[in-house]
Amino acid sequence: MPMHLVAMSHSPLLDKVDVPELVRAELEVVFESLRKVVSAFAPDVVVLFTPDHYNGFFYDIMPPFCIGTAAEAIGDFESAAGSLNVPDDLAEELARFVLSRDVDVALSRAMHVDHGAVQPLEILFGGIESIPVIPVFVNGVAEPFAPMTRVGTLGRAIGEFFADRPERVLVLASGGLSHDPPVPQWATAPSPLRKAILDGRNRTPAARAEREARVFATARDFAQGTATIQDLNPSWDREFMSLCRSGRLEELESYSSEQMTSDAGHSSHEVRTWVAAFAAQASISPYEIGIEFYKPIREYIAGFGVMTATSSSR
Ligand SMILES: O=C(O)/C=C/c1cccc(O)c1O
Ligand SMILES: [Fe+2]
């Protein structure tokens, strides 16, 4: 029953490229505060709402949502690689419950996850092994997307599953806010890239290095103002966070996919993880916001946001 929420952007460029010292220091203060909050809450299990960047999920079969009963981190961008500590029986029970609530969630007994899942675990827990984690994939890069209402329904079903259970649950959302990194798009990708996002599992080291180099080059150009990717949209980000803060989730659930892409970039759909997490938290009880941070950081190609929330009835 006790539930706490952390929602945070990620970027594979974090700690890998230079940012002004003040920005780095501000982020470190925020991350340290998050660690304190999480350690005080002492979760038994993390429900990790995570997107993927064509490392675990591909167009040969792209579910809108998937719960993992086992997961392996692939170690892209030097993130931690290896097995996540997934409580398989609990994850399967969760999947059965969510299905019983009319959400057609997929189940994976061998999910592959990337920096999107791993980075927040590394920041909050120092790695991927120390804390039991149920990974919940929420598609945030591969069109077509589920309507936002379904994302809310998924989150509420997950919240309801835990409402009568004893575990202390940290719902952790990874991704967002406005950003448009060079993740390939089916509609515009040339044929070798289409193949990579169709069924590009187990990429060769050379292919992985090429892809990562493209992201670094784009980040450098973006920081210098010469990249062709869509700009960050701080006002969109602030409005999104303000709706999370005030609990007006029905307004978030009325966002249209097309508008999200055009206002805030192709990868803005990663905020779906936030909507699922806030819907889970709201289904337990009204909540209050704790930590809140926002900064557009072009060097990281990210409108970088962090929020925490917990029951206001505590
Ligand atoms: O290329 C990728 O796999 C992802 C890059 C990226 C860059 C910046 C912010 C993000 O959320 C990303 O996933
Ligand atoms: Fe991402």
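Which residue stands opposite Ala71 in S7? In this predicted model, the residue opposite Ala71 in S7 is Met111. The pairing to which these residues belong is taken up below, after an account of the chain as a whole.

## Overall architecture

The chain contains 10 helices and 11 strands. Its C-alpha trace spans about 50 × 40 × 35 Å along the principal axes. A compact globule of 314 residues would have a radius of gyration near 20 Å, and the 18 Å computed for the chain agrees with this.

Of the 314 residues in the chain, 49% are buried. Among contacts with a separation of 6 or more, 85% are between residues 24 or more positions apart.

## The eight-stranded sheet

Eight strands form an open sheet with mixed pairing, in the order S6-S3-S8-S2-S9-S1-S11-S10. At its edges stand strand S6 (106-108) and strand S10 (287-297), each of which pairs on one side only. On average, neighbouring strands of this sheet are turned by 15° against each other, direction ignored.

Within this order, S9 stands between S2 and S1. Strand S1 (residues 3-8) runs parallel to S9 and is joined to it by six bridges, with His4 opposite Leu170 in S9. Strand S2 (residues 45-50) also pairs with S9 in the parallel sense, over five bridges; here Val47 stands opposite Val171 in S9. By contrast, the pairing of S1 with strand S11 (residues 302-311) is antiparallel and comprises five bridges. Met8 has Val306 as its bridge partner in S11.

## Burial of strand S9

How many of the six residues of S9 are buried? Six of the six are buried, so S9 is largely enclosed by the rest of the structure. The burial extends to both faces of S9: Val169, Val171 and Ala173 are buried on one side, and Leu170, Leu172 and Ser174 on the other. Two of these residues have already been named in the strand pairings, Leu170 opposite His4 and Val171 opposite Val47.

Helix H1 (residues 21-41) lies across S1, S9, S10 and S11, and runs at about 155° to S10. H4 packs on the sheet as well, touching S1, S2, strand S3 (65-68), strand S8 (133-138) and S9. The direction of H4 makes about 165° with that of S8.

Helix H4 (residues 148-163) has 16 residues and reaches 23 Å from its first C-alpha to its last, close to the 22 Å expected at 1.5 Å a residue. Because 12 of its 16 residues are buried, H4 is largely enclosed by the rest of the structure. The buried residues of H4 include Met148, Val151, Leu154, Ile158, Phe161 and Phe162.

## The three-stranded sheet

A further open sheet has three strands in the order S5-S4-S7, again with mixed pairing. Strand S5 (81-83) and strand S7 (111-113) stand at the edges with a single partner strand each, so one side of each is left without a neighbour in the sheet. Neighbouring strands are turned by 20° against each other on average, direction ignored.

Strand S4 (residues 71-74) pairs with S7 in the parallel sense, over three bridges. Ala71 and Met111 stand opposite each other in this pairing.

## Annotated active-site positions

An unreviewed UniProt entry places the feature "active site" at His115 and His179. Where does His115 lie? His115 is in helix H3 (residues 115-125). This residue counts as buried because 26 other C-beta atoms lie within 10 Å. Leaving aside neighbours within four places in sequence, the contacts of His115 are His10, Pro12, Asp76, Phe77 and Ser79.

His179 is located in the loop between strand S9 (169-174) and helix H5 (191-199). With 30 other C-beta atoms within 10 Å, His179 is likewise buried. Not counting residues up to four places away in sequence, His179 touches Leu232, Gly265, Ser267, Ser268, Ile301, Ala302 and Gly303.

Technical notes: Residues are numbered from 1 along each chain as its sequence is written. Chains are lettered from A and ligands numbered from 1 in the order in which they are written. This is a predicted model: local features need pLDDT of at least 70, side-chain atom pairs count only at pLDDT 80 or more; totals for chains, interfaces and linings use all residues. Two strands pair if DSSP finds at least two bridges between them. Helices (H or I, at least four residues) and strands (E, at least two) are DSSP runs, numbered from the N terminus. Axes are lines fitted to C-alpha atoms, for helices over the stretch in contact, and angles run from 0 to 180 degrees between N-to-C directions. UniProt positions are given in the numbering used here, feature names are shortened, and annotations may be inferred rather than shown by experiment. A residue is buried if 20 or more other C-beta atoms lie within 10 Å of its own, exposed if 12 or fewer, and partly exposed in between; C-beta atoms are placed from the backbone. Two residues are in contact if their C-beta atoms, placed from the backbone, lie within 7 Å. The expected span of a helix is 1.5 Å times one less than its number of residues. The radius of gyration is taken over C-alpha atoms; the globule rule is 2.2 Å times the number of residues to the power 0.38.
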